[in-house]
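Notebook open, viewer loaded. I wanted to go through this one a piece at a time and jot down what I looked up.

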Amino acid sequence: MSLARRCSRSPCGRPAVNTLTYVYADSTAVLGPLATYAEPHAYDLCALHSERLSAPRGWEVIRLQGDPRETGPSGDDLLALADAVREAARPAPVARVAPEDETGHESTRRGHLRVLTSD
């Protein structure tokens, strides 16, 4: 069994290349690039039936052209994704609060060392 989508026209078995949807409120038929997944109220059409598509009198047909070479994400999309992954992998900056000394004031010591006096 093939997973490729076929033309919705009943006698046709050609591979689908476009998706047809209707906007009944606007009396418009919209023919665009093949949808990502099959919708129950949309029709997949082969190249031949896409060319021959006509609409009822008074209806408008809008043909949306897709780039046939664009089958996946663009180079810009991939760079944006890589930048987002790098950003998410960076460690979060640690907020440092200066510790207080015995008098309740902020200590001026650095790191983990401190000067001890002998009494």
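**Starting from a leucine in a loop**

I looked up L34 to begin with: its relative accessible area is 33%, so I noted L34 as partly exposed. A reminder to myself that this is a predicted model.

Where does L34 sit? I found L34 in the loop between β2, residues 28-33, and β3. Next I listed its contacts, leaving out residues up to four places away in sequence: L34 touches R5, A16, V17, N18, T19 and D44. I also checked one C-alpha pair: L34 and V17 are 17 residues apart along the chain, yet their C-alpha atoms are separated by 5.3 Å.

**The sheet**

Strand β1 (residues 18-23) and β3 run antiparallel, and I counted three bridges joining them.

What is the strand order? I read it as β3-β1-β2-β4, an open sheet of four strands with mixed pairing. The edges are β3 (43-45) and β4 (60-63); each has a single partner strand, so one side of each lacks a neighbour in the sheet.

**The core**

Which residues make up the largest nonpolar core? I noted eight: C7, C12, L20, A29, L31, L45, C46 and L53. I then followed L53, again skipping residues up to four places away in sequence, and found that L53 touches L20, L31, V61 and R63. Of these, L20 and L31 are core members too.

Conventions. Residues numbered from 1 in each chain as written. Predicted model: local features only at pLDDT ≥ 70, side-chain atom pairs only at ≥ 80, totals over all residues. Heavy atoms only, no water. Core = buried A, V, L, I, M, F, W, Y, C linked by side-chain atoms within 4.5 Å. Buried < 20%, exposed > 50% of the residue type's maximum accessible area, 1.4 Å probe, protein only. Contact = heavy atoms within 4.5 Å. Pairing = 2+ DSSP bridges. Helix = DSSP H or I, 4+ residues; strand = E, 2+ residues; numbered from the N terminus.
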